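Subject: The two-chain model, handed over

Hello,

Here is the structure I promised to pass on to you. Have a look at it first, and then read on for what I found.

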Amino acid sequence: MGEKPLVGKKRMKRKYRDNEIEPRSTPIDNIPEEEEKEIPMHLLDDWSDDGSDDVDFLEDEESSDEEDWTDESEQSISDDGDDVEETSEDEDGDLEEDDECIVFGGKKAESSNERSIAAAEESDSSEDEVPNRNTIGDVPLEWYEGEEHIGYDKTGKKIKKQAKKDKLDSFLAGADNSGNWRKIYDDYNDEEIELTKEETKLIRKIIKGKTPHSDANPYEEYIDWFNYEDKNHPVSSAPEPKSRFLPSRWEHKKVVKLVRAIRNGWIKADKPKEEPRCFLLWGDDTTENERRGLSYIPAPKAKLPGHELSYKPPVEYIPTQEEINSYQLMHEEDRPKFIPRRLESMRTAPAYDNALKESFERLLDLYLCPRIRKKRIDIDPESLKPKLPHPKDLQPYPTMCFLEYKGHTGPVTSISIHVSGEWIASGSNDGTARIWEVENGRCLKIWQFDEAIQHVAWNPLPELPIIAVSTGQDVFLLDTGCGSEDQSQNIKGLLNVNVSVLTTNSEENSAPLVTWVNHEKYDGIRLKHFKLVTTIDWHYKGDYFCTVVPTILIHQLSKKQTQNSIKKLHGLPVTAVFHPSRPFFFVSTKKNVRVYNLSNQKLIKKLETGFREISSISIHPGGDNVIVGSKEGKLCWFDMDLSCKPYKTMRNNLKDITGVAFHRSYPLFAICSHDSIAYVFHGMVYSDLNQNPLIVPLKILRGHKKTNGGGVLDCKFHPKEPWLFTAGGDSVIKLYCNEAPSMY
Amino acid sequence: MPKHYRPAGKKKEGNIAKYITRTKAVHYLQISLPMFRRLCILKGIFPRVPKKKFEGNHKTYYHTKDINFLLHEPLLEKFREMRTHEKKIRKALAKKNEHRAECLDSHKPTYTLSRLVKERYPKFIDALRDLEDCLSMIHLFAAMPAVGRIDVKRIHNCKRLSHEWQAFISRTHSLRKTFISVKGIFYQAEVQGQTITWLTPHARQQVITNDVDFNVMLTFLEFNETLLEFVNYQLYHSINIKYPPILDPELEAFAADLYALSRYIDAESSLSSQTSKAITSDSGGQAEDVIMGDATDESDQKTNFPVIEAGSLMRLVIGDASTENNEDKETKECKVLFKDCVFFLSREVPKDSLQFVISAFGGVVGWEGGKSPLNETDEQITYQIVDRPTQHHMFLSREYVQPQWVYDCINYRMILPTMDYMVGSVLPPHLSPFVDNEAEGYIPDHAETIKKLQAAAKKHVLPLSGMEDADMNCLAEGIIDRNEAQETTEKMKMLKRIEEEYLQGLAMEHQKYNSSDNNTNNKPVVTSQLTENPSTTNDDQIKEDNDNMSTVSMSRKKRKLYEAMKISQSRKKANVELLKNRKKKAESKEDA
């Protein structure tokens, strides 16, 4: 609502002035305005239809227009005021009636008297009751132009034309009579009618385009039926803009666009054509039909169903109730996904619940799983085993237990065989060291010590039948008495410690590592160490021997001297061994084996085993190959010429290797372990440097019982025969032979 | 820019240059992950395993070439176009511009996958090789209800495709094995030398679960539908039949699609072979057939469909046998398995499956219900297949068997005695034909009995039937049809060979048994020689030791492989043991 723009206001003003009223501040609805407009237009049309007579009338009007203007307006205003007071009940009806009266006004004219009476009686319906004098009906009047009469009256008599007045007469009559302007000529009835005052008023109003009836109130109080509450936007009362009646340029542009789009085929009215759905796709094989791009790996086919998937599998394929229950205890992944069951007949087979899911899983596999070509080996697993020479072809090797040496009461920790192969020395946890005769198992000699014996070792020289026994912190060098008389004399001399020599030595070293003492009880030498002695090994020449305390000491028997040449060692030494022919010395720490040259006292090599804990080491009589056993149960073979990495590492499914041993002459080596097993291998070393050593497992020797003391604690080969001695934790020493010895 | 230009920091070679992770690939292609999946499915691109997983173990790697392959895919552009088109429609709808939306909707961009099919399977044989999953999926969807996202149209399409495929298989008699499982019915066919196995679900209301991604499934289905359609086209083309087939709407209304298809095929082939018929019908033995054929041919020309008549069906089956000689032995064998059998299906048996199977093996089928070529009262019927506890009215001229009989006959390639398969009797176990019992290490009892039956049939029955044939021919015409004679001789030869094989197998088995006996006998002898004190060593120990010793000198890789193989073997053995134990228990229960 609110105020209107100025321009609009101005226009309004003019408009209202046409209608001779002041513009109102209250809004005027469109509808009454239109009505006001329409009525005059319609009336004017009617006027024009009426014919030539009207022109006269109008001319008359025009002539009087100017002068009547002012008083008329005054009247109208006053009338308006009256009208407002007496509110008309039926505006529309009045209007219609007024219309009629005007349209037929010209034709139904009566004598002025009658008319006036009628008007006085009833303002509304006067004309209908006044009959026409003429009864010719609605025919063109020109038909009677040349006649003397204008028509007929009710009784059928001719109505004579009245004599026409002269212009002058009529003018004079007009000039005399002031009411002459009110008179109009009725052609039809050929008479003059004098309009009443009301009628003239009516005509005036019509001409001005006003409501003809004087009772009608054009400015009635406006009742706004529209509810303005709850409406967000105002309902505009603005007049229709001009643009609404003009063709839009934008629309035109749009149409042009559409036309262009249709012409160019951007907009298609008809449906797209359907192409043939399928055709011979693989028709011609002439074109190259190789798959391009990366190599295609077809998806593996789904597994074919087995008997258990049958709707009626054999009885044995159906798990029992207990088995089904036990599936619940299994881990979800291990649980069988499908439980076979037996259906009675085909009609009882239900839909498979997981059909969709399984299909989906297969699809997932198809597009999400990486595909790799994998070689599936469909072979007998046995064919994987390396083709080794048959053990039978590699005979002789120890195969069966031939003799048992019984007598020890504790686990036998160490054994040693004399070079001649006649005697065997053994040391046990019960504190005894014994000498046995190999061939018949007779115990020759027993020494009793206070502590458990760690190691025994024969002197490698055949003419010096001495053994070294380590027990606790001491090492004893004892005469076995196995030699001849000359030898025993010689030994006696050797096993006698000259005190003077010792003192000189001890003077040189401020703190003596080892003290050499004569032992009276067993007639030998006692070397006192400061810690537990674990292993002893003799040099091949029989003069030197080494002992492993946590440090490594090398003793010289002839001079009764001790030296500690190897001082720097990474890690604790476990064992130490002399090379069988050259002045080399092997020291094994827990992880590595170090090889020293004794002549120039230098480190030559470091053999890396990769083990965590080495337990034993043995050197091939040829001198170039070393085997090392570890407590993890692994064995490695070093070819010293090849590398300082193992040539071969073998897992034997053993618990803990306690000892390894090479045979002196046969291509054999053995290992023994805490599992009370001794393993015999064929280990052939070729003189040709290009040929790698051949290792063939030959035999697993069992027989020792498992005890708390351990399984097999030591193994040694007979120096000449392919026999193996094993020292067991069950306090038995066993001899394994290739066949029953021929000497019996 | 030189051709060899490589941006700084970009690797030229190695795994990093060759492979790309999925996320990176998606970014590179500038598409969303679902779109990427869709493309991968349609293009058949799958992840690969680089030698070194440079971005972590848990990631998926694609080959860069594969991704570039995707990048240049016209379909990618098409998808983008479709997306923008959809946006346009949405926009139009939002602006209440329904006319435009409608207009756009009717002109959606479309795509076809035929190019992709050709690209993925350049040769027809490649497509056949990869058809198994496709077939299983189509058959599954053919049995699905149109619920949720599954469109009815697609299900109908699947049904149509599956029936077309089955019609081809049964027409060419290339079905080899069938297996009724809990999951559904497995079929194995041999098409152009390719063994194709597929699964059709049981004809029941299928269960729709929510734990599947229908986006993925429908994308796969889209491709599979296209693939199978083209494959069907090619196959139909290979047997000179027009594709897509036009079916008799009456039969379709009665849900006898398969039958309608077979009739269509017959009609087509008879039309195509009309010219060649005169040559083939020279032999006097088929005079009657020819007359019948002519009569039906006339009606063919009128209606384009042969008259529904059991006799005509029989003729077609037999007539084909004489015309087509370029079939392998197995097909011939399959074709004549149900040669003289006429089946009638009760309403409770799976009609589609049996129709397919029986016609694939040369039998004639009628069924209870509309449009059946045979009535229940027909005299020709030799077997009626029923699956109900009792059958009230029985015709004496035919045998009443349960449906399993048909499948078993097919698997064992012989007409089994119907004793065990009578109405209401407890059926023998149904064994999977896909299992190699020998390799599995366990032979179920039923397999043994079947073997015996087969052997017996080959030894006695079949040669006799051959004799009969010869007699009949002599009596009837006095002329021995050359073809038939050849066939019989061939059959004889084959039988002989099979028999020999069987005997050989027996002998082998026997030998095995003996040898194993010998071994077991020998071993103790040897060991006793070796051991002086037998308490310490025994057989097992020695065996174990031997194994142990041989593994000692193996390399780690080989040892691991060996161990794995051993484990699988032991598992297999354990399985067999379990089966044996169960069987023992079951038997003891029965005895009790």
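Let me begin where the chains meet: 90 residues of chain A are in contact with 110 residues of chain B. Please keep in mind throughout that this is a predicted model.

**The interface**

The area buried between chain A and chain B comes to about 9,100 Å², and carbon and sulfur atoms give 63% of that. As for polar links, there are 24 residue pairs in polar contact between chain A and chain B, with both residues at pLDDT 80 or more. On the side of chain A that touches chain B, the elements giving two or more residues are α10 (321-329), α11 (355-368), β26 (648-651), β29 (677-684) and β30 (694-701).

**Salt bridges between the chains**

The rule finds six salt bridges across the interface of chain A and chain B. Here are some that I looked at one by one.

In one of them, A:Glu323 pairs with B:Arg582, and their closest N and O atoms are 3.0 Å apart. A:Glu323 belongs to helix α10 of chain A and B:Arg582 to helix α24 (residues 556-591) of chain B, so this pair joins two chains.

Another salt bridge brings together the side chains of A:Arg362 and B:Asp133, at 2.7 Å from N to O. This pair also crosses between chains, with A:Arg362 in helix α11 of chain A and B:Asp133 in helix α9 (residues 131-142) of chain B. B:Asp133 has a relative accessibility of 22% and therefore counts as partly exposed.

A:Glu358 and B:Lys183 meet through their side chains as well, in a salt bridge of 3.1 Å from N to O.

**The chains one by one**

Chain A has 13 helices and 33 strands, whereas the secondary structure of chain B comes to 24 helices and nine strands. Of the 744 residues in chain A, 40% count as buried; for the 592 residues of chain B, the buried part is 43%.

The contacts between residues at least 6 apart in sequence are worth a glance too. In chain A, 51% of them join residues at least 24 apart, and in chain B the figure is 62%.

Chain A exposes about 44,300 Å², with 50% supplied by carbon and sulfur atoms. The accessible surface of chain B is about 32,400 Å², and 54% of this belongs to carbon and sulfur atoms.

**Salt bridges within chain B**

Over all chains, the structure holds 36 salt bridges. One of them joins the side chains of B:Lys24 and B:Glu55, at 2.7 Å from N to O. The two residues are 31 apart and link distant parts of the chain: B:Lys24 is in helix α2 of chain B, and B:Glu55 is in the loop between α3 and β2 (61-63). B:Lys24 is partly exposed at 46% relative accessibility, and B:Glu55 is partly exposed at 25%.

There is also a network of salt bridges in chain B, which links B:Lys43, B:Glu73, B:Arg115 and B:Glu119.

**Backbone points to check**

Most residues other than glycine have a negative phi, and most peptide bonds are trans. Which places in chain B did I note against that background?

- B:Tyr243 and B:Pro244 are joined by a cis peptide bond, with omega about -5°. B:Pro244 sits in the loop between α11 (214-238) and α12 (249-253) of chain B.
- B:Gln30 has a positive phi, near 55°. This residue is in the loop between α2 (22-29) and α3 (33-43) of chain B, and is exposed, with a relative accessible area of 64%.
- B:Lys96 also has a positive phi, near 60°. Its place is in the loop between α5 (74-94) and α6 (98-106) of chain B, and B:Lys96 is exposed at a relative accessible area of 68%.

Conventions: Residues numbered from 1 in each chain as written. Chains lettered and ligands numbered in written order. Predicted model: local features only at pLDDT ≥ 70, side-chain atom pairs only at ≥ 80, totals over all residues. Heavy atoms only, no water. Contact = heavy atoms within 4.5 Å. Buried area = accessible area lost by both parts, 1.4 Å probe. Salt bridge = Lys/Arg side-chain N within 4 Å of Asp/Glu carboxyl O. Polar contact = N/O pair within 3.5 Å; in protein donor to acceptor, adjacent residues only side chain to side chain. Helix = DSSP H or I, 4+ residues; strand = E, 2+ residues; numbered from the N terminus. Buried < 20%, exposed > 50% of the residue type's maximum accessible area, 1.4 Å probe, protein only. Areas by Shrake-Rupley, 256 points an atom, 1.4 Å probe, with all protein chains shown as cover.
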